Amino acid sequence: MKQNWYKVLAVILLIYTVVAGFLGEVPHLPILHETIRNLYFHVTMWFTMMTLFSIALVQSILYLRSPNEHRDIVSAQAVNVGLAFGILGLLTGSLWAKYTWGAWWTNDPQLNGAAITILAYLAYSLLRKSIDDGEKKARIAAVYNIFAFVMMVVFIGIIPKFTGVDSLHPGKGGNPGFNTYDLDKNLRLVFYPAVLAWILLGLWILNLRIRTQKLNLLINDEQ
Amino acid sequence: MNLQMVWVLLEKEFRLEFRKPSAFNGIILYVVSTIFISYLCFKHIVDPQAWTALFWIILLFASVNAAAKSFIQDSKAVMLYYYTVAGAAEVIVAKIIYNCLLFCVVGLLSYLFYSIFIGNLIQNQGLFIGALGLGCIGISGLLTLVSAIAAKTQNGTGLMAILSFPLLMPLLLTLIKLTNYAVQGIAFSVCAKYLVVLGMMDIIVLSLSYLLFPYLWKD
């Protein structure tokens, strides 16, 4: 039970997120209206993805410092789970954009950043599949992972700031939204627990994937 | 890092290139025939956006092709020989400098042929050439490391594009932005900001390649 507390917490918080997310009071802003609830189901995906990719980055750096199989497995699985959340983020965002902006995809720096990130990490998965030798695979994948993460930060974090291209997203470029000014008390009450809930769910899936991966390796060794 | 060793390795790259110029000629022929095909399809391009996009796409593919051979071409035995005579730092620095010079030459030649066939819309030549030079530094730093990664896999050249395109995007978008400014003939002072961003990205890419390469090269 001691090591499972976070799973219980994840389930409770997720139930709270869904119930309060759909039934709770939300501020009525122009353009957004009820779709503001997507804050709990779309924005949280990116938080979870970034958490998982950061775990993968840290494990890759540690792997290069002192190679050990556990770190490689954690880093590879964190990328896999992070990709799943990233794709969910794209889907929830795309669906929302269709009804708010009128298009499935728009030329928005944040959308492009997300798409490029997902492409880079899909390339990472492909790279892992094209090397057979375990130790070599781990080392090369770690190198690519570090490079990809830094370029992703450059793309998402630095370029939009310099180029001054405003995102269409709520709260950016003068659009009504939930930035620090009008992130209202009711929204925060659900949003912060929701972020925690999705991150915990991500960690739980990561934990399961690491364990199955290790079992797979054991089975392969015995054969 | 031993600068003399870097110089020796660089000299070796050039000597190989002059002795067997088929690789270099191949890249030039690739660029020229791509530009000629584009010319047959589009004739003259007058739309600045299309002009910029086509130029950078041609150069992107040419540089990925050119960089792919920087490690894949070296056999296991040759790599082993490098390890015994030089360190990782010298090898990567020499390869990056060589690729950077190669891309600059290929870039300038592409620009020449592109201007002849498709037309030249650039109004601020200095800005464009400056951006091209800074871009070549970053692109060569990134592609050299990616080609070292791709060389370790079974289907090296196929992976090259997949691995490098997403990582090249920040550099490429800034370059396209700068080219658009050069087409509009906007003064240096206005776009200095973007040149600074490009220079910063070059520094990031070069230091990453320099730091990460030592982990790639032992087998």
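Mentor: Let's start with a term: a salt bridge is a side-chain nitrogen of Lys or Arg within 4 Å of a carboxyl oxygen of Asp or Glu. This is a predicted model, in which local features need pLDDT of at least 70 and side-chain atom pairs count only at pLDDT 80 or more, while totals for chains, interfaces and linings use all residues. Side-chain values use heavy atoms, with hydrogens and water left out.

Trainee: What makes the contact of E13(B) and K12(B) a salt bridge?

Mentor: Their side chains meet at 3.3 Å, N to O. The limit is within 4 Å, so the pair counts as a salt bridge.

Trainee: Which other residue forms a salt bridge with E13(B)?

Mentor: That is K95(B), the closest N and O atoms being 3.1 Å apart. The pair links distant parts of the chain, with E13(B) in helix α1 and K95(B) in helix α5 (residues 88-117) of chain B, 82 residues apart. Helices here are DSSP runs (H or I, at least four residues), numbered from the N terminus. K95(B) has a relative accessible area of 3%, so K95(B) is buried too.

Trainee: What links K12(B), E13(B) and K95(B)?

Mentor: A network of salt bridges links these three residues.

Trainee: How do you know that R15(B) and E11(B) form a salt bridge, and where do they lie?

Mentor: Their side chains meet at 2.8 Å, N to O, which is within the limit. Being four residues apart in helix α1 (residues 3-19) of chain B, they are separated by about one helical turn. R15(B), with a relative accessible area of 48%, is partly exposed, and E11(B), at 36%, also counts as partly exposed.

Trainee: Why can such side chains pair at all?

Mentor: Side chains of opposite charge can pair when their charged atoms come close.

Trainee: How many salt bridges does the structure hold over all chains?

Mentor: There are five.

Conventions:
Residues are numbered from 1 along each chain as its sequence is written. Chains are lettered from A and ligands numbered from 1 in the order in which they are written. Helices (H or I, at least four residues) and strands (E, at least two) are DSSP runs, numbered from the N terminus. Buried means under 20% relative accessible area, exposed over 50%, partly exposed in between (1.4 Å probe, protein chains only).
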